[in-house]
Protein chains: 2
Amino acid sequence: MQLKGDLLIGQRRVQGKLAAIQALNPATGERLEPSYCGGGVAEVELACSLAEAASFAYGETSLQQRAEFLETIALEIEGLGDALIERAMLESGLPKARLEGERGRTCGQLRLFAAVVRAGEWQDLRIDPALPERQPLPRADLRQRHIALGPVAVFGASNFPLAFSVAGGDTASALAAGCPVIVKAHSAHPGTSELVGLAVQAAVAKCGLPEGVFSLLFGSGSDVGQALVADARVQAVGFTGSRSGGTALMATAQARSQPIPVYAEMSSINPVFLLPRALQSRGVELAQGFAASLAMGAGQFCTSPGLVIAQAGAALDAFLAAAAEATGATAAQTMLTPGIHSAYEAGVEVLASHERVRPLARGQAAAGPNQCRAGIFVTRAADFLADESLQGEIFGSCSLVIECADEAEIRQVAACLEGQLTATLQMDSDDMAEAQALLPLLERKAGRVLVNGWPTGVEVCHAMVHGGPFPATSDARTTSVGSAAIARFLRPVCYQNLPQELLPAALRDANLEGCSRLLDGKRVL
Amino acid sequence: MQLKGDLLIGQRRVQGKLAAIQALNPATGERLEPSYCGGGVAEVELACSLAEAASFAYGETSLQQRAEFLETIALEIEGLGDALIERAMLESGLPKARLEGERGRTCGQLRLFAAVVRAGEWQDLRIDPALPERQPLPRADLRQRHIALGPVAVFGASNFPLAFSVAGGDTASALAAGCPVIVKAHSAHPGTSELVGLAVQAAVAKCGLPEGVFSLLFGSGSDVGQALVADARVQAVGFTGSRSGGTALMATAQARSQPIPVYAEMSSINPVFLLPRALQSRGVELAQGFAASLAMGAGQFCTSPGLVIAQAGAALDAFLAAAAEATGATAAQTMLTPGIHSAYEAGVEVLASHERVRPLARGQAAAGPNQCRAGIFVTRAADFLADESLQGEIFGSCSLVIECADEAEIRQVAACLEGQLTATLQMDSDDMAEAQALLPLLERKAGRVLVNGWPTGVEVCHAMVHGGPFPATSDARTTSVGSAAIARFLRPVCYQNLPQELLPAALRDANLEGCSRLLDGKRVL
């Protein structure tokens, strides 16, 4: 398939007129054709007006119709074949197997949302029937469902060029909710974005949906994205990226005459607590698991284990020695972009030169441009507690180990942490009391609590929470992975005394769609 | 019961040290004893530290324990007897029957939330069991529940001194969610607030809960409230009041180093659409219903019908004549405070002197201080569309009728409306096509859509939505009335591979609390 460097607005191809972006192969430094001229005011206007026009009809598609659309997108993406994987490899430096897995995850995610749409639980249907005889006043007939918020702006992430980009989790969940989507492509993988965008565009046409259901914009800098978030027709924002990028979008969304929700997944260092008996009984095994999790994908995951907390002593020393050995043997890996690589290098340099931090291990030296050389550093709890900057995320394979004097200090560290996506307990059954003491603190800090696993690897399922208190995300009440992500793009509406024929189908007495409903507060299947 | 003018912080009585507030009988202008000295930094600090300390234990109370606490609050409020009603009458100018009804609503609300807590649906329990044999990778055991956000700041509203004040809907839903509550009392009814605060304080003690579960602060001006919302320990805010007050709290919440959700219910003019056949067939009846809804409680309801939209012509003229007659016969009613009365007068004056607006009717002249004289005004759709200021809420019995040239202009008015709490269709069965054309617009604008009713009167039930897009509220994804309000104070947490004994009781294999759960995405009772 010939890449053309066009914006995809509804069913149209539009050539941008502003400064161009061009992908770069991070493994070689080579620039990749074509270049993508940026969209401006006119392109944002066109995408938003088409999205607004599509919004009513798309929001009222039947469960079946909407589910088939999501499944068609998955088929179209699979139909792109090897061309998609090859382009994504060139643009991201990620290996083939990883990208094939990510394509599987992306399409699986779309199919999961199709199943979720069909099941209809997300509508949160509620019926409180009229009580005409009630004293002192009768009750009206009251019914509730959730409806789509309207057009959603989605920002592609650099580190998942498929699963969190053009047709990734934010797009899939917004489309599942009934919201048209306008994607601002990540500038690191425009070719991959164009290919996936064409697949979504084709699915819109095949399913006979209004063209404004999907658009894909390119643009250098933040102008196009900021204009999208500021546009009155856009009703919510999905973003995965840096804390500074996320908070900038939050500020724009709040400054609108109508503020809108922003779901920004930003920054997390994913603390791992090594409890005493586990550390004692299987420190070396833990060190190997830790080093493997840290090295995975050059640490370019929101859930990379950036913080390890344990009690100082011989067991921790043994863990550190084994972790140093494993990481010391880790080959350097190409990072996604030169910008990510230089930010990683700068972050590691700050840690390395911190007078209260000691270097423990570095991975093998780089053998090419933009390579991440893993790093492990160590500090004492008192020093960590005294310096907030040590909680900053360093995106890449970098972790800081906190040596605590005792269990009380471990809890003190837990209590001072910022919001996180994950918190992990490595524990044996004899560590139960300490785990029970930590759990309430960790629930308050993180969206997901793990026992005896590693935080990397986020399952796409119904119970997943990929979220957490600020700065992990801008809105701890939601998740950006898993079927519950659909709730981000919905709001409740109550219908009072509507005649049956005016009621939405799902709320009529005859429950034709067969969804579970809350009848007078009781669940009815 | 002797009122003392104290702040109630945990189980303590604390005398404020800053400027005092004193209630005023709006019907007479008389000042009411005692005066309430304002709390300052020290009192906010104490309330927040107690709330934070109570937060973990209270958040993990059993469903049964928490439900009994809510029921005990209701009993304690009822135990205050006539003293509560008498004080509330003096402070609000509201009639006895209305306040007795409001007390019933307040206690009924607490008992509804007790039932909701016991049913446990609000926990949104989800279990995706481990799939150890799955290829290419096994799935971990993943479970999800919703937990309490932490301490919540609640601002009492002036217009519901019981049902939306100290133990009103925000407090009841936050306590139901497992959040400690710190109430900033509304300065218009401090005595009522102290009485209800004492009832909640007593319930905390009787139920053996940590004292920080509830505190009640007084303060003139906005300093105490702003300090509360800025405090790092407070995790969410419930507010009912003006648009300026709500947006000030939103700004403070967003400026924190950790932004928090603000649920502000602010401003709505509650459009009522009179469709042609209904207007033709029963215009006089509609006019009487409209005038009654407008007069109710001197229009001091968030859902007062402030906007009527219909096609110009003989049928509308007949409606207007009947509405003018009914409103002309309406006696003036005492408003809640001199401030609300003067804002009402100023708002009516702006309408009356607007060159594109014509006065239709005023209620009977005031017979005492602070009385609301109802007003109906008329303008043409083109003039309404051209002047945004005509969408501003005038709190009190004041409504603007929009004359439209045709059905297209009716839809144009609907499309230009700001966010609303309610939108109402008055229709006959022959109006179905027009209603179907309007419904998608109204769903996007309002939290509740009514047919052939009046928006005043908000049922406390499971299907209610008292919410809507900005500026009706700061967060359209929720409701502040009804059992779904509990969701405002919760967030999801996922548990990965936790041993049974570390899991929260509701998520263990043995479903001891008997709540419905989503098993692999399927609802299981």
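Two pieces are said to be in contact here when heavy atoms lie within 4.5 Å, and helices (H or I, at least four residues) and strands (E, at least two) are DSSP runs numbered from the N terminus. This is a predicted model, in which local features need pLDDT of at least 70, side-chain atom pairs count only at pLDDT 80 or more, and totals for chains, interfaces and linings use all residues; side-chain values use heavy atoms, without hydrogens and water. Residues are numbered from 1 along each chain as its sequence is written, while chains are lettered from A and ligands numbered from 1 in the order in which they are written.

**A sheet built from chains A and B.** Let's begin with an open sheet of 12 strands with mixed pairing, running from β23(A) to β15(B); two strands pair if DSSP finds at least two bridges between them. β23 (522-524) of chain A and β15 (357-362) of chain B are the edges, each with a single partner strand, so one side of each has no neighbour in the sheet. Where the chains meet, three bridges join β21 (residues 490-496) of chain A to β20 (residues 446-451) of chain B, and these strands run parallel. Look for A:Cys494, which stands opposite B:Arg448.

**A helix lying across strands of chain B.** Helix α10 (residues 314-328) of chain B lies across β12, β13, β15, β17 and β18 of chain B. This helix runs at about 50° to β15(B), with angles taken from 0 to 180 degrees between N-to-C directions, and axes being lines fitted to C-alpha atoms, for helices over the stretch in contact.

**Two helices packing in chain A.** Helix α3 (residues 82-92) and helix α4 (residues 96-119) of chain A pack at about 120°, their axes 10 Å apart. That makes the two helices oblique, the word for whatever is left after roughly parallel (under 35 degrees), roughly antiparallel (over 145) and roughly perpendicular (65 to 115). Among the residues making the contact are A:Leu84 and A:Ile85 of α3(A) and A:Leu99 and A:Arg103 of α4(A).

**A tilted pair of rings in chain A.** The whole structure has 16 aromatic pairs over all chains; rings of Phe, Tyr and Trp (its six-membered ring) pair if their centres lie within 6.5 Å, and planes under 30 degrees apart are stacked, over 60 edge-to-face and the rest tilted. In one of these pairs, A:Phe290 and A:Phe319 have ring centres 5.8 Å apart and planes at 35°, so the pair is tilted. A:Phe290 sits in helix α9 (residues 276-295) and A:Phe319 in helix α10 (residues 314-328) of chain A, so the pair ties together parts 29 residues apart in sequence.
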